[in-house]
Amino acid sequence: MTAPLSDASLSVATLPTLPPSVARPGYDRAACGIGIVHFGPGAFHRAHQAVYTDDALALAAHDPDQRDWAISAVSLKSPGVRDALVPQDGLYTLVTLDRAIGHRVIGSIREVLCAPEAPGQVLARLAAPATRIVTITVTEKGYCLTSAGDLDTAHPDIAHDLAHPEAPVSVIGYIVAGLRRRRAAGLPPYTVISCDNMTDNGRRLGRATTQYATAIDADLGAWVGDHVTFPSTMVDSITPATDDALRQRVRDATGLADAWPIQREAFTQWVIEDRFCNGRPAWDRAGVILTNDVGAFGRAKLRLLNGPHSALAYLGSLAGVETVADAMTTPELAGFLERLMLRDVLPTVTPPQGYDLALYAQQILERFRNPAIRHLLAQIAWDGSQKLPYRLFGVIEDLLAQGLSITRPALVVAGWMHFVRRRALDGAGLTDPLATTLLDIGGRCDGTAADVDRFLALTAIFTGPLATDARFRAAISDAYARLGDGGRAATLAAIAAV
């Protein structure tokens, strides 16, 4: 039912006017102190960590020891989030995209700051005794790391911060400036949690932060290394960008204008290494998985979600399909993907302790079928030269080691080769770090077995045991031939037959 429209915007004052179908914070926001500083309050943070925190605050509404975990959200560059949310008292609408669309107002963000315009407030918040956790979503490039995973001291932001440590501009500069103030005041440090999709994100962040602190003050570096914890994490939830159509849908559903609502799929997952140095919210009660083996969850996601995503990207694109959901309504593609996941990939994944991988695989298949999520195969197909070795080659190596068939995984690799060939043939370009090399190879392909040899000669992609494994080469060559011209009919016939 559409809510009556008004000229009012979402705020604490207008919360009571929301229709009953719209959920709202289940706790007294005014009674909640700020205990978390978050850098990078973009769509993913507000659809993910802020929602878990909102749930934890609601569950602990009557527990004074668990009340003070509201969030101070800090933008490192743009004032856009602050300008949108401050007039709304930090409130925003979360839309869950499923067969039934849900609307919910999130209240866990109590303060929004733009660091370039309020650096003193940010540093004061980091140094406040009540601040016990710092979380981060700034994308991998925001950590200013070298390819080897060390702090990039030549990066302009890091070079600036090393010269002016009390006027930082980088996320690591701010973290260490806050820790430096806490140490000087005799306060315990805060836990620092990366929520970006980086392998070993906690270890890498901890290493870079300690390197930066040591460069400023060796004793400070030792204190950071000894006392600050950097738990690794794994995060997952598809979060499409906000657009004007979403804003209008939210206004129609709630009757209120929301400057920056967020949308996401219903599924969400947050796995955190159980290493906190200064307390934590009741995240575990809100569905967060606390574990000593985040890597096991990450490997499961990589093989059971990311690998099949790539399979759909290449084979679905060859079949003329545009989105993941569309692919899952194509019987040949849906059947192939399910066989690939359950028969080939699942047996190669070691389950995290107490975790039901078969259920996880079924959840992934259901997510792929979600008609409310428009996830373009063309985007998933980006950077295949970088993604396939991590997402699929380990599965193939494990199957070969057990003497098992690699027919279906090989078809995915061959599908990628045909995808590159057809992009070169169509003059469509390619989004990939090796685009120039790949398109050159694709342009020289003639549809014969020699095409496979050209691709397999790429040592930047095909390295290790697979590069010299005759079984792998034979399976790829057979799959490439099965796909024929790489057109829709040949692709659907090839995947239906295996």
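Biologist: Start with the record. Which residues does the "Mannitol dehydrogenase N-terminal" domain cover?

Modeller: Residues 35-284, according to the UniProt annotation, which is an unreviewed entry.

Biologist: What is the helix and strand content of residues 35-284?

Modeller: In the predicted model, that span is 36% helix and 20% strand. Its end C-alpha atoms lie 17 Å apart.

Biologist: And where does UniProt put "Mannitol dehydrogenase C-terminal"?

Modeller: At residues 293-482, again from an unreviewed entry. The span is 69% helix and 0% strand. The C-alpha atoms at its ends are 40 Å apart.

Biologist: Switching to charges. How many salt bridges turn up in the whole structure?

Modeller: The search finds 28. As background, side chains of opposite charge can pair when their charged atoms come close.

Biologist: Give me one. What does Arg 374 pair with?

Modeller: Glu 322, at 2.9 Å from N to O. Arg 374 sits in the loop between helix H13 (357-369) and helix H14 (377-380). Glu 322 sits in the loop between helix H10 (294-318) and helix H11 (324-328). So the pair ties together parts that are 52 residues apart in sequence.

Biologist: Is Arg 374 buried or exposed?

Modeller: Exposed, with a relative accessible area of 56%.

Biologist: What about Arg 275, which residue does it meet in a salt bridge?

Modeller: Glu 273, with N and O 3.1 Å apart. Arg 275 counts as partly exposed because its relative accessibility is 34%. Glu 273 is buried, at 18%.

Biologist: Why does 18% make Glu 273 buried?

Modeller: Because buried means under 20% relative accessible area, and Glu 273 has 18%.

Biologist: How far apart are the closest N and O atoms of Asp 200 and Arg 203?

Modeller: They are 3.7 Å apart, and the two residues form a salt bridge. Asp 200 is partly exposed, with 41% relative accessibility. Arg 203 is partly exposed as well, with 46%.

Biologist: Which residues are linked in a network of salt bridges?

Modeller: One such network links Arg 99, Glu 338, Glu 366 and Arg 369.

Biologist: New topic, cavities. How many of 30 Å³ or more?

Modeller: The count comes to four. The largest cavity holds about 60 Å³ of space.

Biologist: What lines the largest cavity?

Modeller: The lining is Ile 238, Glu 265, His 309, Val 324, Ala 325, Arg 367, Phe 368, Asn 370, Ile 373 and His 375. The elements giving two or more residues to that lining are H11 and H13.

Biologist: And by class, what is in the lining of the largest cavity?

Modeller: Five nonpolar, three polar and two charged residues.

Biologist: Next one down. What volume does the second largest cavity have?

Modeller: About 40 Å³. Residues lining the second largest cavity include Leu 456, Phe 462, Leu 466 and Phe 472. Asp 469 and Arg 473 are among the lining residues too. By class, that lining has five nonpolar, one polar and two charged residues.

Biologist: Is Cys 114 buried or exposed?

Modeller: Buried, at 2% relative accessibility. Cys 144 is buried too, with a relative accessible area of 4%.

Biologist: Last one, Glu 332. Which helix is it found in?

Modeller: Helix H12, residues 331-345. Glu 332 counts as partly exposed, with 29% relative accessibility.

Biologist: How far are the C-alpha atoms of Glu 332 and Ala 497 from each other?

Modeller: They are separated by 9.1 Å. Along the chain, Glu 332 and Ala 497 are 165 residues apart.

Terms used:
Residues are numbered from 1 along each chain as its sequence is written. This is a predicted model: local features need pLDDT of at least 70, side-chain atom pairs count only at pLDDT 80 or more; totals for chains, interfaces and linings use all residues. Side-chain values use heavy atoms; hydrogens and water are left out. A salt bridge is a side-chain nitrogen of Lys or Arg within 4 Å of a carboxyl oxygen of Asp or Glu. Buried means under 20% relative accessible area, exposed over 50%, partly exposed in between (1.4 Å probe, protein chains only). Helices (H or I, at least four residues) and strands (E, at least two) are DSSP runs, numbered from the N terminus. UniProt positions are given in the numbering used here, feature names are shortened, and annotations may be inferred rather than shown by experiment. On a 1 Å grid over the protein atoms alone, a cavity is a set of points where a 1.4 Å probe fits but cannot get out, and a pocket is an open set with protein on both sides within 12 Å along at least five of seven lines; lining residues have an atom within 4 Å of a point. Grid points are joined across faces, edges and corners, and a volume is the space filled by probe spheres set on the points. Ala, Val, Leu, Ile, Met, Phe, Trp, Tyr, Cys and Pro count as nonpolar, Asp, Glu, Lys and Arg as charged, and the others, Gly among them, as polar.
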